[in-house]
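Welcome! Here is a short tour of one structure, for anyone meeting it for the first time. Have a look at it below, then read on.

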Amino acid sequence: MTNNERSLHHLEKIVALGALAAVLALAIGFAQAADPASRAPKSPVRHDEVFLRSAVALVQDAGTGEIVFDKNADVVVPIASITKLMTAMVILDSGVNLEQRVVISGDDYDFVKGTRSRLRPGTVLTRDELLLLALMSSENRAAASLGRTFPGGTEAFVPAMNAKAQALGMTDSRFVDPTGLSSGNVSSARDLARMVAAAHGYPLIRQYSTTESATVQAFGRPLAFRNTNGLVRSAQWEIGLSKTGYISEAGRCLVMRVRLASREVIVVLLDSWGKLSRVGDANRIKKWLESSAAAGQRG
């Protein structure tokens, strides 16, 4: 082999290795893009003009469907007790008797996370009261008992949840229990905006999810509950629907249908770190929209 031939052969090897490296880099890039963890940064980032601590966020015009703000809105993540909005819709769609009395049982315990509840076994409440507590105070045993006493039991309830999601076009979503305690309940912010829009069509869900507080009778004694979203008690907010959620895998979550800057919007905040961060993010979005609207009027 001549020197020229050796040089040409060496050059061909370099080109081939370079092409292989490019293919590998492209493959790694695709893998990272498909990995939700890589697409949803945990640290606070400045996105457009809003500084949020939620890893996933979406603001959508409730009337037109226009996306006003989008941060990782297609990432599929656990949604915790936001799940209870789907639970409520399935219950109301079924036409079950809301005045029927239901007994809390040991089957309604949280064996996943070990969360506590003041609804002791033997507590008797109407299905309507259970729906109120599930939506307002995110009561897990209330939600579990709604699924358990559904015709066919929880085994029939969960497929009904997924069928409802499919009917709403929630292609990123999957439900495995009526409480949201399992991290197997997953969705994207875009899907949850669809769910919030649908849930807002139910008067009871609008009413119960925004009720500030309520008292029920258990064993002849009053039990007082409060809404898990403190913003419903603020005169600065006009909230038409609300639901919070939290498990360690999902972080702090909040969805709302709310009037901001004379505009009806759906707000989705997922995987917010810090106990007060989701409320802080909601306030930051409110301030941003109001400032933008004021600037537009001046312009």
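Strands β9 (residues 213–218) and β10 (residues 221–226) pair in the antiparallel sense over six bridges; strands are DSSP runs of E, at least two residues long, numbered from the N terminus, and two of them pair if DSSP finds at least two bridges between them. This is a predicted model, where local features need pLDDT of at least 70, side-chain atom pairs count only at pLDDT 80 or more, and totals for chains, interfaces and linings use all residues. Residues are numbered from 1 along each chain as its sequence is written, and side-chain values use heavy atoms, leaving out hydrogens and water.

**The hairpin**
- Alanine 214 stands opposite phenylalanine 225 in β10.
- Two residues lie between the strands of the β9 and β10 hairpin, where phenylalanine 219 takes a positive phi near 55°.

**The open sheet**
- Five strands form an open sheet in the order β4-β3-β13-β12-β11, with antiparallel pairing.
- β4 (67–71) and β11 (238–247) are at the edges with a single partner strand each, so one side of each has no neighbour in the sheet.
- Seven bridges join β3 (residues 54–61) to the antiparallel β13 (residues 263–272), and valine 59 has valine 267 in β13 as its bridge partner.

**Aspartate 128**
- Aspartate 128 is found in helix α4 (residues 127–136); helices are DSSP runs of H or I, at least four residues long.
- The side chains of aspartate 128 and tyrosine 208 are joined by a polar contact of 2.7 Å (a pair of N or O atoms within 3.5 Å; within protein, one must be able to donate a hydrogen and the other to accept it, and residues adjacent in sequence count only if both atoms are side-chain atoms).
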